[in-house]
Amino acid sequence: MLLNDGVVVVGAGVAGLSAAAHLRAAGVAVTVLEAGPRIGGRARTVRPAVLGGAVLDLGASWLHAAHSNPLVALAGAEDGLVDSDALRTERLSIAGRPATAVEQAAYEACWAAVEGLVPGEADTSLAELMAPLAGNPWAPTIARWEGAIIAAADADVLSAQDWHRNLLPPPNLVAPGGLGGFVARRLGGAVQLGVPVQRIRWDGPGVVVEASKGTVRAAACIVTVSTGVLAGGAIRFSPALPPDVQDAVDGLPMGLLSKVALPAHGADRLGLVDDTALVQQGAAGMTFNAWPLGRAHLVGFVGGRAAWDLAGDDAAAEALARDEVQAMLGRVRLGPGAVVTGWGTDPLFRGAYAYARPGQAGSRAALAAAFPGERLLFAGEACRADGLAGTVGGAWLSGRDAAARLLAS
């Protein structure tokens, strides 16, 4: 039996690493239990052979809202953060042809109209909020971007208030060595890997955390796993979570954004420069980042229902991505193979990041505020209600705040 008079942190994603670091800095003994074989959670960098060993972030890729993102201050010169917005260009396609300058202007005007929408007191869906733009030919494209691609959930199931709160302002920075690598390098600490937690008893005094390799007794516990894991019952709570806490979890289901990376060694770029975003008009379809930072591949994004329909079928996801590229660019020669992310089928995550259902915009703050018995707290990107939900910066702040609450108590 493991004994610990301090705090147990469940999960070694960004929120868990942040909570542990802040507690340790205050002199508190901390045990971090991670079910998986690595730290970083949904921030993971790989160098797949099919892409020639190029850097690829399977999950989180950007430090969004850099002016208010706390992780930017942790970066050193060797991280070489790059302003992604300054590099990015966009190529719009309509039925396989490039958009004209007039059509491009109409697209940008529609974006401005959507981002100028303000949700009412009643929390409708984003689709309902956008209803006045129903006749605009670019509205379905932007609804797909704002819903399925950015929020990982389709506009008709996404809280308009939560969407509006999380409109991330530029700049958006990227780490050339990968954001997952940045997290592991800058936030790493002592973690017990390969130790899934099975049950948490919080009926006091203190907590008892039952894990695969023993039991930990502690004064308190910070749980940082995804709402998908919480909703799936992988961790049992004794007693059961209070109804208001469970309601908050249920109001924040996991969305899914999947990536399909296609090699493009020796491909004719067809005049495209590095970091070209490929976007096609319509309510369905994928978007791509072509030759990111000059690397010879394309990364396709598919989100929401379409991503869930493809989850677990890598061959179908690759086939769709190849078809979409050909539809937008014509006959471009791509190399064999692909990298397809699997966040939706991974039992340690069960999705990419959480979104709020219509009428549940308050669930993030409610989950962050949950403090059953003053011994059990929750932290993570899903808990952030300040505009950084779904981001690594938001997860870091959530872990910091949970640690601060324990220290204050």
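This is a predicted model: local features need pLDDT of at least 70, side-chain atom pairs count only at pLDDT 80 or more; totals for chains, interfaces and linings use all residues.
The C-alpha trace spans about 65 × 50 × 40 Å along its principal axes. The protein has 13 helices and 23 strands; these are DSSP runs numbered from the N terminus, helices being H or I of at least four residues and strands E of at least two. Of the 409 residues, 53% count as buried, that is, under 20% relative accessible area with a 1.4 Å probe and protein chains only, whereas exposed means over 50% and partly exposed lies in between. Among contacts (heavy atoms within 4.5 Å) with a separation of 6 or more, 73% join residues 24 or more positions apart.

The second largest pocket has a volume of about 340 Å³. Of the 21 residues that line this pocket, Arg144, Ala148, Asp154, Ala283 and Ala284 are the closest to its centre. On a 1 Å grid over the protein atoms alone, a pocket is an open set of points with protein on both sides within 12 Å along at least five of seven lines, a cavity is a set where a 1.4 Å probe fits but cannot get out, and lining residues have an atom within 4 Å of a point. Points are joined across faces, edges and corners, and a volume is the space filled by probe spheres set on them. Helix 5 (139-151) is one of the elements that each supply at least two lining residues, and its five residues form the largest share.

The structure also holds one cavity of 30 Å³ or more. About 80 Å³ of space lies in the largest cavity, and its 16 lining residues include Val225, Ser226 and Thr227, which are among those nearest its centre.

Finally, Leu348 is found in the loop between strand 21 (339-340) and strand 22 (353-354). Leu348 counts as partly exposed because its relative accessibility is 33%. Leaving aside neighbours within four places in sequence, Leu348 is in contact with Ala35, Gly36 and Val229.

Key: Residues are numbered from 1 along each chain as its sequence is written. Side-chain values use heavy atoms; hydrogens and water are left out.
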